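User: I'd like to learn how to read a structure like this one, feature by feature. Can you walk me through it?

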Amino acid sequence: MASMDIVNVGKAYGSLTVIHGVSVEIPDGEFVVLVGPSGCGKSTLLRMVAGLEPITFGDIRIDGHVVNDLPPKDRDIAMVFQSYALYPHKTVAENMGFALKMRGEPKADIDDRVKKAAEILDLVPYLARYPRQLSGGQRQRVAMGRAIVRDPKVFLFDEPLSNLDAKLRVQMRAEIKELQRRLATTMIYVTHDQVEAMTMADRIVVLRDGRVEQIGSPLELYDKPANTFVAGFIGSPSMNLLKGHIRTSGAPFFETDDGIPLPLIRAPEGSDGRPAFYGIRPEHFALGGEVTANVTVVETTGSETQVFARIGNQKVIGVFRDRVEDQSCQPMAMTPNPASVHLFDLKTGLRLD
């Protein structure tokens, strides 16, 4: 177990800088998820932590010691990739113990550590099988077991669930989180799936174009996004963002670009007439009220109903637990809860408090 500090780390390929001074402090035993769209730099950052990519500037520290110049094998970390990368001609037990064998560990110690890891991952019945005889989820557990037997200070995961089907991804999310709690080991996990980030992380680092947009717990990012990018990226379906102006003459309200008033409880001081985004999450609409939307599509999943509509000329999505009859191309009263509204500056996208 160890703490990990990423201190002003950058990566450049010639004149092209892809990581712009990222800093993250990760205490011992914390589960941190790096999340962002494809190309944001999250896998590159993880590879720099692992020692697989050289650092252009900044420091990587493990337990306070700078490891920039240490090769991967000397950093005492273990990495689980998107590809299982198992040896097809070796059994599960041989795959899990191979790194220890290459280090010259005694066979009795290898067998003991492989058995303990297999018990943690429910792989004991499969130790004599070959990878071709396993399901996708079982192969991923073998890849995780190969990392566990090394007893590293830090675990690194690079989109390990991307090759699994939707049902198995949900199962494996829970298994990885349970594993982290059981081992109490520092883990850094990379994904582009914000649902994985929300359900697994102690803290989330949101990246865009090689820069940190926000760091916080899942609910901090959900309840108080720092800008429109985080607001739109965290949450599924994403937050609705309507353009307009803040009005504070009399009781505050928000006026969309189409002249439609939307409810506000409060507004920043001196913001009358300020161009802004009105943010409201889909689940924070209520049926009825004074705001009318023109419904375009109604999708029913059983447990909830998603209503795609327009308020004026701006698209919105509302999510309701109630059963909603299909009213496509018909008006429907669906009003934002003013206590759940977020305001963002129209020009900068930054949150207005």
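User: Where does I176 lie, and is it buried or exposed?

Analyst: I176 lies in helix α5. Helices here are DSSP runs of H or I with at least four residues, strands are runs of E with at least two, and both are numbered from the N terminus. To judge cover, call a residue buried under 20% relative accessible area, exposed over 50%, and partly exposed in between, using a 1.4 Å probe and protein chains only. I176 has a relative accessible area of 0%, so it counts as buried.

User: What should I know about the model before going on?

Analyst: It is a predicted model, where local features need pLDDT of at least 70, side-chain atom pairs count only at pLDDT 80 or more, and totals for chains, interfaces and linings use all residues. Residues are numbered from 1 along each chain as its sequence is written, and side-chain values use heavy atoms, with hydrogens and water left out.

User: Which residues does I176 touch?

Analyst: A contact means heavy atoms within 4.5 Å. Leaving out residues up to four places away in sequence, I176 touches F31, M144, F157, P160, L161, Y189 and M200.

User: M144 belongs to α4. How do I read that helix?

Analyst: Start with its span: the expected value is 1.5 Å times one less than the number of residues. α4 (136-148) has 13 residues and reaches 18 Å from first to last C-alpha, close to the 18 Å expected. Then look at cover: eleven of the 13 residues are buried, among them Q138, R141 and R146. Those buried residues pack against β6, α2, α3 (107-120), β7 (154-158) and α5 (166-183).

User: How is a pocket found, and how much space lies in the largest pocket?

Analyst: Rolling a probe the size of a water molecule over the atoms shows where empty space is left. In detail, a 1 Å grid is laid over the protein atoms alone; a pocket is an open set of points where a 1.4 Å probe fits, with protein on both sides within 12 Å along at least five of seven lines, whereas in a cavity the probe cannot get out. Points are joined across faces, edges and corners, and the volume is the space filled by probe spheres set on them. Here the largest pocket holds about 510 Å³. Lining residues have an atom within 4 Å of a point; there are 19 of them, and the closest to the centre are I77, A78, M79, A99 and R150.

User: Which elements supply the lining, and what is its make-up by class?

Analyst: β6 (77-80), α2 (92-102) and α4 each give at least two lining residues. For classes, Ala, Val, Leu, Ile, Met, Phe, Trp, Tyr, Cys and Pro count as nonpolar, Asp, Glu, Lys and Arg as charged, and the others, Gly among them, as polar. That gives 13 nonpolar, one polar and five charged residues.

User: Which backbone angles deserve a look?

Analyst: D76, in the loop between β5 (65-66) and β6, has a positive phi of about 55° without being a glycine, and D76 is partly exposed at 30% relative accessibility. D209, in the loop between β9 (203-208) and β10, also has a positive phi, near 50°, and D209 is exposed at 52%. G51, which follows α1, has a positive phi near 90°. As for omega, a cis peptide bond joins S236 and P237, at about -5°; P237 sits in the loop between α8 (228-233) and β11 (240-247).

User: And the chain as a whole?

Analyst: The secondary structure comes to eight helices and 19 strands. The C-alpha atoms fill a box of roughly 80 × 45 × 35 Å along the principal axes. Of the 353 residues, 46% count as buried. Among contacts between residues at least 6 apart in sequence, 68% join residues at least 24 apart.
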